[in-house]
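Biologist: I am new to this structure, so please walk me through it slowly, one question at a time.

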Amino acid sequence: TRLNHALRRPIYVVSAEGGRFTDVDGNEYIDMCCSHGAGLLGHGHPAIRQAIRDVADAGICCSFDGPRHVELARKLCEMIPCAERVRFTNSGTEATLHALRVCRAYTGRDRIIRFTGHFHGYHEYTYIGGHPPREALDDPAQYRESPGIPEPMSRFVIPIPFNDIDAAEAAISTHASDAGTVILEPVNYNSGCILPEPGYLQALRELCDEHGMLLFFDEVQSSFKKSPGGAQQDFSVTPDICTIGKAVGGGVPLSAICGRAEIMDRYKPAGDVQHSGTFNAHLLSIMAGLAFCSQIEDPGFYPTLLQTCDWFAGELGGIIAELGVPVVAPYHGARFGILMGLEAPPRNYVDTLVHRADIMLAFIREAFARGVYFHDYGGGPCHHGFSAAHTRDELACVLDVCRESLAAVKDVFAGS
């Protein structure tokens, strides 16, 4: 199922360690995907391996809670500004699905306001109007992103552009009676790492308060990439509810819903909203989550990581300027975008439509041939990154490969 469109074949991996993986043919690559952001500690981190051994020694038993579950929930409540209660899930898709259910129950309103270019999982609640083609932008709610999504689901979704406060104000005021939730990626990694403009998230917070809507940050990707508290800590704006995932499990499946007590207490058994699952909060995931938290709580973890982030971004920007290619590489924490054909960082999804997928795929092929793996995402504008385990020498090698690979595709820009 994981066809790489740049290479026109899947990549079969047999082992991974730190910032590298090895394929079935024995070739080693520096990994600039890092499990789509789940591998913030690097592959096979000793603390995660020990957590897995501890669970095996304790016996593989799921569908029970225990002291470790409480410990991890408390840690997350301490780290994440909006978290007064925590519910665990396996994936980000599950987290946003169940979080939107409780939002609808709490507000009594079924429709949601979402943003074009943002991604919130593959379920029918949100896989509508996220990444429409240009010809569908006049009515993005009618764009269902996969066959099999019932057409009537479109009426529950109101897509608007990111970083456009006038559009947000118009949608929120117009739909205050039938929409109860505004959901967004506070950093739009899934369109190439688009940052919120200064004051934008705060303005959304104020509009939601004014009109009685819930502000929902989908931090499945942005959680832990720059700080323990995610984007809500980074930008000093606290949502009513959020979802976290990817990195929190240290490479093991774990996501969570975090939010205000009065919202979260609508879930059973305190309330009447259903959320359950045999493998939710499996002890393996919980122990890995605790191990992850123990690593990021080290006082040197984020200063070291962020110093590397700034250094890498500065060097990559210098290479782009040196080559004179129309490429931008916005970043936030340990993940960044690479957008081909843009002269300036995008401010919303529409700006990314000039991105050259063909050049991106060619760049990925060139980098792969030189021993560096970037995930293809079909060639679209998305996100890449590194882990805390990547060494400066490895990242210097990546930068050299980026220089060579961009130089190899430079003539395509000139000829287009």
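This is a predicted model: local features need pLDDT of at least 70, side-chain atom pairs count only at pLDDT 80 or more; totals for chains, interfaces and linings use all residues.

Biologist: In what order do the strands of the open sheet of 7 strands lie?
Modeller: Strands here are DSSP runs of E with at least two residues, helices are runs of H or I with at least four, and both are numbered from the N terminus. Two strands pair if DSSP finds at least two bridges between them. The pairing in this open sheet is mixed, and the order of its 7 strands is β6-β12-β11-β10-β9-β7-β8.

Biologist: Which residue in β11 is the bridge partner of Phe217?
Modeller: Strand β10 (residues 214–219) and strand β11 (residues 241–244) run parallel and are joined by 4 bridges. In β11, the residue that partners Phe217 is Cys242.

Biologist: Which residue of β12 does Arg85 stand opposite?
Modeller: β12 is joined to β11 by 4 bridges in the antiparallel sense, with Thr243 and Ile257 as bridge partners. β6 and β12 also pair in the antiparallel sense, over 5 bridges. The residue of β12 opposite Arg85 is Gly259.

Biologist: How many residues of β12 are buried?
Modeller: Buried means under 20% relative accessible area, exposed means over 50%, and partly exposed lies in between, with a 1.4 Å probe and protein chains only. In a regular strand the side chains alternate between the two faces of the sheet. In β12, Ser255, Ile257 and Gly259 point one way and Ala256 and Cys258 the other way, and all are buried. The count for β12 is therefore 5 of its 5 residues.

Biologist: What angle does the direction of helix α3 make with that of β10?
Modeller: Helix α3 (residues 92–107) packs on the sheet and touches β6, β7 (111–115), β9 (179–184), β10, β11 and β12 (255–259), where contact means heavy atoms within 4.5 Å. The angle between the directions of α3 and β10 is about 175 degrees.

Biologist: How far apart are the end C-alpha atoms of helix α10?
Modeller: The expected span of a helix is 1.5 Å times one less than its number of residues. For the 13 residues of α10 (residues 357–369) that gives 18 Å, which agrees with the distance between its end C-alpha atoms, 18 Å.

Biologist: Is the pair of Phe312 and Phe336 stacked or tilted?
Modeller: Rings of Phe, Tyr and Trp (its six-membered ring) pair if their centres lie within 6.5 Å, and planes under 30 degrees apart count as stacked, over 60 as edge-to-face and the rest as tilted. Phe312 in helix α9 (residues 301–323) and Phe336 in strand β15 (residues 335–336) are 24 residues apart, and both are buried, at 2% relative accessibility for Phe312 and 4% for Phe336. Because their ring centres are 5.4 Å apart and their planes at 45 degrees, the pair is tilted.

Biologist: Where does Cys193 lie?
Modeller: Cys193 has a positive phi of about 75 degrees although it is not a glycine. Cys193 counts as buried because its relative accessible area is 1%. Its place is in the loop between β9 and α5 (200–211).

Biologist: Which residue does a cis peptide bond join to Lys268?
Modeller: The omega of this bond is about 5 degrees.

Definitions and conventions:
Residues are numbered from 1 along each chain as its sequence is written. Side-chain values use heavy atoms; hydrogens and water are left out. Axes are lines fitted to C-alpha atoms, for helices over the stretch in contact, and angles run from 0 to 180 degrees between N-to-C directions.
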